[in-house]
Amino acid sequence: TPVIYWFRQDLRLDDLPALHAAVESGAPVIPCFIIDEDAPQKWAPGNASRWWLRGSLGALAKAIEKRQGTLLVRSGCSEDVLSELIEETGAYAVYCSQAYEPWNRELEERLGARLGRLGVALHCLPGSLIFTPGDVLNRAGLPFKVFTPFWRHCRSQLPESRLLPAPGVGAFAAQVPTGQDPEAWPLASSSLQPVEDWGERWTPGADGALSALDRFLNEALSGYREDRDIPAVAGTSRLSPHLHWGEISPRHVAQVLRTDAPGDTEDDQEKFLAELGWREFNQHLLFHFPHIDEQPFKDDFKSMPWRPDADAFEAWKAGLTGYPIVDAGMRELRATGFMHNRVRMICASFLTKHLLVPWQWGARWFWETLVDADLANNSGGWQWVAGCGADASPWFRIFNPVLQGKKFDPEGAYVRHWVPELAALPDRSLHAPWELAPLLLAEADVVLGETYPHPLVDHATARAQALEAYHDRSSAP
Ligand code: FAD
């Protein structure tokens with residue numbers, strides 16, 4: 001009799017504890033993935049994620065085929081589909097990796113109860129993080145709410161892990177019931193469709209993850225500490241969508257860093273590990289405080305006088321705010337399904353502080369458009385910027401988008417690429433075109449209000465209003 005391996009956000013074969021346990025059971029393993037449109041409720045994947053998932057399932061199916069197995073894909077309610085499969089195959093156990101989104105945890109609970117009634121065991125093991133949520137607590141036995149002590153604690157215990165091997169030929173069942181073609185799954189009808197060939201930019205799947213890691217180690221790790229802030233440079237790993245879908249385990253990434261990193265990169269390695277640490281921190285926070293997907297971590301932000309200004313929000317989404325670095329980021333996002341981390345911070349700060357639009361609106365747009373959309377990291381990132389998160393940047397630290405542009409895109413390569421209508425402006429005014437005399441603007445073919453928008457808000461005025469709003473929140477009853 002077989003067992004079922006239920007793939008979720010762990011689309012790989014290497015270093016996957018629950019799959020390893022399924023194989024170790026000695027029973028033939030039926031690998032399956034369920035397209036469940038209803039379980040995530042309000043957090044159904046956005047179009048960019050769906051595009052990624054389709055490619056990733058195709059890659060996983062091929063990897064399983066190489067081992068003479070077949071990935072079974074079905075659509076429907078996860079509990080129903082798994083119960084049907086158990087009936088069809090006589091499987092006596094289901095294995096899967098834990099996932100920490102509130103809806104995923106509820107699903108695990110419902111499924112455990114349902115399978116229990118059928119007399120079928122559910123083995124749900126950790127696999128997507130280095131440290132398991134619930135295991136990392138401070139001296140008082142409580143979750144950490146500040147990153148530095150959290151990471152100090154974890155860093156000192158970073159395991160020298162032995163990675164688990166992928167299943168060999170013969171581990172998967174030779175026969176599986178019929179399913180559907182994973183790559184035939186349609187993208188949701190939405191205004192957002194990939195506008196360029198993302199297939200040339202991204203390679204979803206475990207092989208794509210390994211190539212990204214390899215490129216990073218050889219071309220970007222050295223100097224990562226500084227270059228990671230420069231959006232015109234490919235100075236980061238771009239592993240985030242691969243990590244989100246579990247195409248590579250973070251233990252594997254940490255291990256390769258230890259064994260294969262070039263010499264003289266200790267500082268860079270430490271910084272990179274700390275970024276993986278932020279990923280762990282956000283997941284642990286969401287595990288302990290599941291409401292922070294939409295509610296501010298800090299309660300006093302519930303009375304923040306946001307301005308739900310739909311026009312300003314649309315201008316931000318379209319990359320037409322009149323602030324070049326913000327517009328460049330928003331256009332990069334729409335065109336590629338990705339935005340550089342520094343620019344995510346600048347764009348999120350602009351939306352929440354300059355425009356006072358609720359952070360949840362921005363988080364929702366990122367959810368729809370990012371190939372790495374991840375509930376813990378996305379709400380964590382937005383709450384950090386908006387000042388309402390657990391270990392957040394204080395509200396009064398309001399990025400000046402002109403100075404941020406000058407500092408992190410000093411030669412303007414990033415802005416010129418994404419906002420080509422400003423390309424002919426001299427470096428000194430590229431990040432603040434309105435400061436240039438109309439005659440000089442005209443020489444660069446720029447007519448403010450026609451070829452490129454006037455700034456949506458004045459920085460100094462917006463800053464003062466943001467501080468006032470924050471004060472009003474504090475004095476609200
Ligand atoms: P690298 O610099 O190469 O970092 C390696 C890995 O560490 C990343 O792949 C990622 O898994 C993790 N990491 C890096 N920076 C962070 C961070 N600040 N917080 C948490 N984990 C991090 N990341 C997502 O994965 N999904 C999201 O939906 C997401 N939304 C964000 C929203 C906002 C407003 C902000 C400010 C940040 C968000 N981030 C999100 C975090 C970060 O921007 C991305 O993880 C990073 O840009 C991915 O690029 P990279 O893989 O090249 O990063």
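Student: How far apart do the C-alpha centres of domain 2 and domain 3 lie?

Tutor: They lie 27 Å apart. This is a predicted model: local features need pLDDT of at least 70, side-chain atom pairs count only at pLDDT 80 or more, and totals for chains, interfaces and linings use all residues. Residues are numbered from 1 along each chain as its sequence is written.

Student: Where are the domains?

Tutor: Domain bounds come from an automatic or database domain assignment. Here it gives domain 1 (3–128), domain 2 (129–162 + 205–288) and domain 3 (299–475).

Student: How many residues does the contact take from domain 2 and domain 3?

Tutor: Two residues are in contact if their C-beta atoms, placed from the backbone, lie within 7 Å. The contact takes 16 residues from domain 2 and 17 residues from domain 3.

Student: Which helix gives the largest share of the side of domain 2 that touches domain 3?

Tutor: Helices are DSSP runs (H or I, at least four residues), numbered from the N terminus. Helix 11 gives the largest share, five residues.

Student: Is Tyr-224 buried or exposed?

Tutor: A residue is buried if 20 or more other C-beta atoms lie within 10 Å of its own, exposed if 12 or fewer, and partly exposed in between; C-beta atoms are placed from the backbone. Tyr-224 is buried, because 21 other C-beta atoms lie within 10 Å. Its place is in helix 8 (residues 224–227).

Student: What does Tyr-224 touch?

Tutor: Leaving out residues up to four places away in sequence, Tyr-224 touches Gly-235, Asp-268, Lys-271 and Phe-272.

Methods
Helix = DSSP H or I, 4+ residues; strand = E, 2+ residues; numbered from the N terminus.
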